[in-house]
Amino acid sequence: MPAAPNLFKSDLAQKCLGDDYKYEGKVEAKSALPQGVAIKGTVTRAEKDGKVAAVVELKKSLHKVEIVGKIDHVGAASVSAEHASLSPGFTVKLEAGLSGKSAKLTADLKRELLTASSSFDPFKKLIAANGSLSYRSVSVGLSSSYCYADGKQKGFAAPEGAVQYGGGHYQVSANVRKWGDEMSLRYHHSFSKDVSLGVSLDQRTSGDKNKETNLEFAVGTEIKIDPTSTIKAKLSNEGVISAVYSQKIKPNATVKISGTVDTSRLTRNNAHKIGIALLMDL
């Protein structure tokens, strides 16, 4: 039996609405080095300001522990160690920046009826935890955090509640945050193994005395054209149309082309964006 879903991570609707819609330039290459070391290099050109960034990542498994080291173009380095064999479905991960200014300890548990996750960040002085319970097609979850740093953020954060129902070819999920000031509803429908639809509705209430409510709506689709190509498209209530085309040009190379058009301001600067990504496994 599959593990219970984590209701505070991406759901099926996000495959149509959130993933891959990036408008940056990107080249990513993976390869294998001797002694079982995997290497990945990524160069990106930022969407907003056009700045170029680069990251090199090394990964190796050592005595059932996966060790990952990263260093970027400005010399910022980090290392992480993840152990997933302590107990069935239980994973522990430690991440730390070599500058000594960041660290995080995460523990995840995935079982048939229960999924739980907790984290501890000593620099942000933050402890967070969430859990999801499942029975047949229904899942419910609760998430919160506690900050022990001095200031306005000290104390418990408002909890987030979530519920999900899966009915074969469709899935409905809802999340409530900040005591009802933020609510989201997601719907995903698989018409076939190659065609799916996602719909989202988000409500945000802001202001203390004169509260203002904003609604955001989006609908998206994912279509698998053939075994090597996929297209995604979505439309928001603000008139923004986005699309992503993915094509495997070789067994070890994939190209992704993304674009967006803001129909509410066609003649303004930055109303349209284009992104190209090349992913290679050498």
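This is a predicted model: local features need pLDDT of at least 70, side-chain atom pairs count only at pLDDT 80 or more; totals for chains, interfaces and linings use all residues.
1. Helices (H or I, at least four residues) and strands (E, at least two) are DSSP runs here, numbered from the N terminus. Residues are numbered from 1 along each chain as its sequence is written, and side-chain values use heavy atoms, with hydrogens and water left out.

2. Let's start with confidence. pLDDT is the predictor's confidence in each residue, from 0 to 100. The protein chain averages 89, and 97% of the residues score at least 70. Among its elements, β4 has the highest mean pLDDT (95), and helix α1 (residues 13–17) has the lowest (84).

3. Next, strand pairing, where two strands count as paired if DSSP finds at least two bridges between them. Strand β2 (residues 37–45) runs antiparallel to strand β3 (residues 52–62), and eight bridges join the two. Within this pair, Gly41 has Val56 in β3 as its bridge partner. The β2 and β3 hairpin has six residues between the strands, and Gly50 there takes a positive phi near 75 degrees.

4. β3 also pairs onward: eight bridges link β3 to strand β4 (residues 65–72), again antiparallel. Leu62 finds its bridge partner in β4 at Val65. This hairpin leaves two residues between β3 and β4, and the residue with a positive phi, near 55 degrees, is His63.

5. The next hairpin is made by β5 and β6, with two residues between them, and Gly89 in the turn has a positive phi of about 80 degrees. Strand β5 (residues 77–87) and strand β6 (residues 90–97) run antiparallel and are joined by seven bridges. Ser78 stands opposite Gly97 in β6.

6. β6 then pairs with strand β7 (residues 103–110), also in the antiparallel sense and over seven bridges. Here Leu94 has Leu105 in β7 as its bridge partner. Five residues lie between the strands of this β6 and β7 hairpin, and Gly100 takes a positive phi near 80 degrees.

7. On to charges. Side chains of opposite charge can pair when their charged atoms come close. Taking a salt bridge as a side-chain nitrogen of Lys or Arg within 4 Å of a carboxyl oxygen of Asp or Glu, a search of the whole structure finds nine. One of them joins the side chains of Lys26 and Glu28 at 3.7 Å, N to O. For burial, the cut-offs are under 20% relative accessible area for buried, over 50% for exposed, and partly exposed in between (1.4 Å probe, protein chains only). By that scale Lys26 is partly exposed at 22%, whereas Glu28 is buried at 11%.

8. A second salt bridge pairs Glu182 with Lys178, with the closest N and O atoms 3.3 Å apart. Lys178 is partly exposed at 49% relative accessibility, and Glu182 is buried at 19%.

9. Asp202 lies in strand β15 (residues 195–206) and Arg186 in strand β14 (residues 182–190), so the pair ties together parts that are 16 residues apart in sequence. Both partners are buried, with relative accessible areas of 10% for Asp202 and 16% for Arg186. Elsewhere, salt bridges that share partners join Glu160, Arg177, Lys178 and Glu182 into one network.

10. Cys16 is buried at 0% relative accessibility, and Cys147 is buried at 9%.

11. Finally, the pocket. On a 1 Å grid over the protein atoms alone, a pocket is an open set of points where a 1.4 Å probe fits, with protein on both sides within 12 Å along at least five of seven lines, and lining residues have an atom within 4 Å of a point. Points are joined across faces, edges and corners, and volume is the space filled by probe spheres set on them. The largest pocket holds about 990 Å³ of space. It is lined by 50 residues, of which Pro5, Asn6, Leu7, Phe8 and Lys9 are the closest to its centre. Elements giving two or more residues to this lining include β6, β7, β12 (160–166) and β14. β12 gives the most, with six residues.
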